[in-house]
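I opened a new page for this protein and wrote down what I looked up, in the order I looked.

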Amino acid sequence: MTRFNNSFALKAVTLSAVLSMTAGLAMAGDGNVSTNQILDALKPKPVTRGLSAGPQVDPAVPAKESTFLNTVRNRSTRSLSTGEREQIAELAATKPKIDLEIQFDYNSADIAKTSVPSVQALGKALSDPSLKGSTFVVAGHTDAVGTEAYNQGLSERRADTIKKYLVQNYGLTGTDLVTVGYGKTKLKDAANGADPINRRVQVVNMDTKTASK
């Protein structure tokens with residue numbers, strides 16, 4: 001009888017542990033992120049002054065980047081040319097960034113209720129004093145379902161929705177938010193074009209200023 005009770009107790013503990021782990025995974029997999037996670041991802045990395053064996057950065061590069069950003073600042077998302085979109089992507093490749101799995105209503109630019117917490121966390125992060133003075137790119141991406149033209153327009157509308165939400169609810173300046181849409185041209189998982197992971201909003205800190213030690 002004792003052996004049966006011990007066996008039953010062991011199974012109960014094991015089942016409880018499995019259920020606890022499952023619950024944790026479900027909570028972690030809701031797609032939402034915290035303000036601190038966004039802040040950590042977007043903060044520029046400090047630069048140490050002194051001799052370096054690595055390649056030196058041309059001082060003119062930040063100035064050129066700033067000049068280009070000024071040409072797209074305050075521009076309508078839909079007015080950006082393919083070349084300008086690609087130039088933004090090229091600059092963004094080396095900048096602090098984060099992919100947010102912000103979902104929208106089907107065939108719509110309306111933010112899904114389940115993703116509102118992520119957008120709110122983004123607003124708090126971008127309005128944090130540690131990121132003051134930065135220019136951010138808000139890039140919309142879709143999955144591969146649908147035509148290229150339709151997805152391009154949808155990604156642009158969704159990027160604009162995020163910008164509007166941030167400006168209206170967090171006092172961010174519209175000039176500090178550059179929106180761009182990439183449709184289905186830059187899939188996160190190209191092997192599975194229809195995967196929801198491709199439907200995302202990427203936020204990039206384009207600030208050329210970095211902290212120094």
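This is a predicted model: local features need pLDDT of at least 70, side-chain atom pairs count only at pLDDT 80 or more; totals for chains, interfaces and linings use all residues.

Entry 1: Next I looked up the largest nonpolar core, which has 22 residues. Leu122 is among the residues with the most contacts inside it, along with Ile38, Leu42, Ile102, Leu126, Ile162 and Val203. H5 gives the largest share of the core, 5 residues. Apart from this core I noted another one, of 14 residues, and Val72, Val137, Val180 and Met206 are among them.

**Entry 2: the overall layout.** I stepped back to get my bearings. The protein has 6 helices and 4 strands. Read from the N terminus, the order is α-α-α-α-β-α-β-α-β-β. I checked how much is buried: 34% of the 213 residues. I also looked at contacts with a separation of 6 or more, and 80% of them join residues 24 or more positions apart.

**Entry 3: H2 against H5.** Two packed helices are described by the angle between their axes and the distance between the axes, so I looked up both. For H2 and H5 I have an angle of about 50 degrees and axes 8 Å apart. H2 and H5 are therefore oblique to each other. The crossing of H2 past H5 is right-handed. Which residues meet here, from H2 and from H5? On the H2 side I wrote down Thr35, Ile38, Leu39 and Leu42. On the H5 side I wrote down Ser118, Ala121, Leu122, Lys124, Ala125 and Leu126. Sorted by class, the residues of this contact are 7 nonpolar, 2 polar and 1 charged.

**Entry 4: H5 against H6.** I stayed with H5 and turned to its contact with H6. The axes of H5 and H6 come within 10 Å and cross at roughly 60 degrees. H5 brings Val116, Val119, Gln120, Leu122, Gly123, Lys124 and Leu126 to the contact. H6 brings Ile162, Tyr165, Leu166 and Tyr170. By class, I noted 8 nonpolar, 2 polar and 1 charged residues in the contact of H5 with H6.

**Entry 5: two asparagines.** I went through the loops next. Asn74 is in the loop between helix H3 (60-72) and helix H4 (82-92). Its phi is near 70 degrees, a positive value in a residue other than glycine. Is Asn74 buried or exposed? Asn74 is exposed, at a relative accessible area of 58%. Asn107 is in the loop between E1 and H5. The phi of Asn107 is positive too, near 55 degrees. I have Asn107 down as partly exposed, at 45% relative accessibility.

**Entry 6: Arg78.** I returned to the loop between H3 and H4, where Arg78 is found. At 55% relative accessibility, Arg78 counts as exposed. Leaving aside neighbours within four places in sequence, I found Arg78 in contact with Glu156 and Arg157. Arg78 and Arg157 are 79 residues apart in sequence, with their C-alpha atoms 8.7 Å apart in space.

**Entry 7: Gly174.** My last stop was the loop between H6 and strand E3 (177-181), which holds Gly174. Gly174 is partly exposed, with a relative accessible area of 21%. The cut-off for buried is under 20%, so at 21% Gly174 does not count as buried. What is Gly174 in contact with, leaving aside its neighbours within four places in sequence? I noted Lys163 and Val167. I also looked up Gly174 and Lys164, which are 10 residues apart along the chain and have C-alpha atoms separated by 8.2 Å.

Note on methods: Residues are numbered from 1 along each chain as its sequence is written. Side-chain values use heavy atoms; hydrogens and water are left out. A nonpolar core is a set of buried Ala, Val, Leu, Ile, Met, Phe, Trp, Tyr and Cys residues joined through side-chain atoms within 4.5 Å. Buried means under 20% relative accessible area, exposed over 50%, partly exposed in between (1.4 Å probe, protein chains only). Axes are lines fitted to C-alpha atoms, for helices over the stretch in contact, and angles run from 0 to 180 degrees between N-to-C directions. Angles under 35 degrees count as roughly parallel, over 145 as roughly antiparallel, 65 to 115 as roughly perpendicular and the rest as oblique. A crossing is left-handed if the near helix is turned anticlockwise from the far one by less than a right angle, and right-handed if clockwise. Contact means heavy atoms within 4.5 Å. Ala, Val, Leu, Ile, Met, Phe, Trp, Tyr, Cys and Pro count as nonpolar, Asp, Glu, Lys and Arg as charged, and the others, Gly among them, as polar.
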